[in-house]
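User: I am new to this structure. Could you take me through it step by step?

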Amino acid sequence: MNKPMPITADRPFAAPDEDRLRIAIQKKGRLTDHSLKLFASCGLNFTRDRDHLVCYGENLPVDLMLVRDDDIPELVAEGICAAGIVGQNVATEHALVNPRVAVDETRVLDFGKCRLSIAVPEGGDIDALDQLAGKRIATTYPGLTRRYLEEQGIDAEVVMLTGAVEIAPRLGKAEAICDLVSTGNTLRANHLVELETIYRSQASVVTTREPLTAELASLLERLLRRMDGVLQVNESKYIMLHAPRDRVDEIRKLLPGAEAPTVLPLEGSDDKVALHAVCRESVFWETLENLKAAGASAVLVLPVEKMLA
């Protein structure tokens, strides 16, 4: 199997190797570590090139291209990469601004959650959405911002900035901003308050609409199935407990997100059984206390490492 040509500054994107699956991920940022951890959980081993731009798959012909997140939708749309992991906000923004950058959202992942919000200076004269009419809103997401304003029937000017959006009101560039918010610390540091959340986002897997070879299409589907298995176990727990035989139905209803549990007889006990179940939702202390109150005993909660439906 031929090794793909390395990506260098002189040749940022070589022609795709027909034998290897290319996936674009964020080179540096809030999605990078989570994306690499996801692929590791899917059983993939990688070796990085010396420029840290490519992770070559060792045990599967899958290569990760480490690029700017803004480049991922276009790389996938053009078929240079078969898939990518990118924030929904980035993929949707690109599709709104440039409809030819069309990709398919194949999986929604469980990390990278954030929101796109309109914020205004605290103590200012804007405290309602309709007061944005005739005002300037600075943002790096003009497509999403314009779409929301149009949906709300608000005629405001969208000012495109490439960075430092939060200081636009202090510089006199705008009366409001529309920017990504995770914790809200940046807004508070710049004396801004959220007025309205216009879009909620998290990481997603996007795939190309360009044709793939049968081998690469099969490999991509295989990788997506592994991702499904990882996503299923992230919040899943394996619960084992003892229960009075006449309380089985009641206790089963208390198991969060569980399918029909396995019911096993207990040696030397006619009135108790053992219940084993995979719970696909978070198991909190309140859940265990409710199980105990319903008559459960010897409750054991274990993490689930892998699961394939």
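This is a predicted model: local features need pLDDT of at least 70, side-chain atom pairs count only at pLDDT 80 or more; totals for chains, interfaces and linings use all residues.

Analyst: Residues are numbered from 1 along each chain as its sequence is written, and side-chain values use heavy atoms, with hydrogens and water left out.

User: How many helices and strands are there in the protein?

Analyst: The protein has 8 helices and 16 strands. Helices (H or I, at least four residues) and strands (E, at least two) are DSSP runs, numbered from the N terminus.

User: What is the radius of gyration of the protein?

Analyst: The radius of gyration is 25 Å, whereas a compact globule of 309 residues would be near 19 Å. The value is taken over C-alpha atoms, and the globule rule is 2.2 Å times the number of residues to the power 0.38. Along the principal axes, the C-alpha atoms fill a box of roughly 80 × 60 × 30 Å.

User: What share of the residues is buried?

Analyst: Buried residues are 45% of the 309; buried means under 20% relative accessible area, with a 1.4 Å probe and protein chains only.

User: Which residues have the most contacts inside the largest nonpolar core?

Analyst: They are Leu116, Ile118, Leu129, Leu132, Ile137, Leu195 and Ile198, in a core of 37 residues. Such a core is a set of buried Ala, Val, Leu, Ile, Met, Phe, Trp, Tyr and Cys residues joined through side-chain atoms within 4.5 Å. Helix H2 (72-77) is among the elements that give two or more residues to this core, and H2 has the largest share, 4 residues.

User: And what is Ile118 in contact with?

Analyst: Leaving aside neighbours within four places in sequence, the contacts of Ile118 include Leu129, Tyr148, Cys178 and Ile198. Contact means heavy atoms within 4.5 Å. A second, separate core of 27 residues includes Leu60, Leu66, Ala83 and Leu223.

User: Changing topic: what is the strand order in the open sheet of 4 strands?

Analyst: The order is E14-E15-E13-E16, with antiparallel pairing. Strands E14 (262-266) and E16 (297-303) are the edges, each pairing on one side only. Two strands pair if DSSP finds at least two bridges between them.

User: How many bridges join E13 and E16?

Analyst: Strand E13 (residues 237-244) and E16 pair over 5 bridges in the antiparallel sense. Lys237 has Pro303 in E16 as its bridge partner.

Conventions: Buried means under 20% relative accessible area, exposed over 50%, partly exposed in between (1.4 Å probe, protein chains only).
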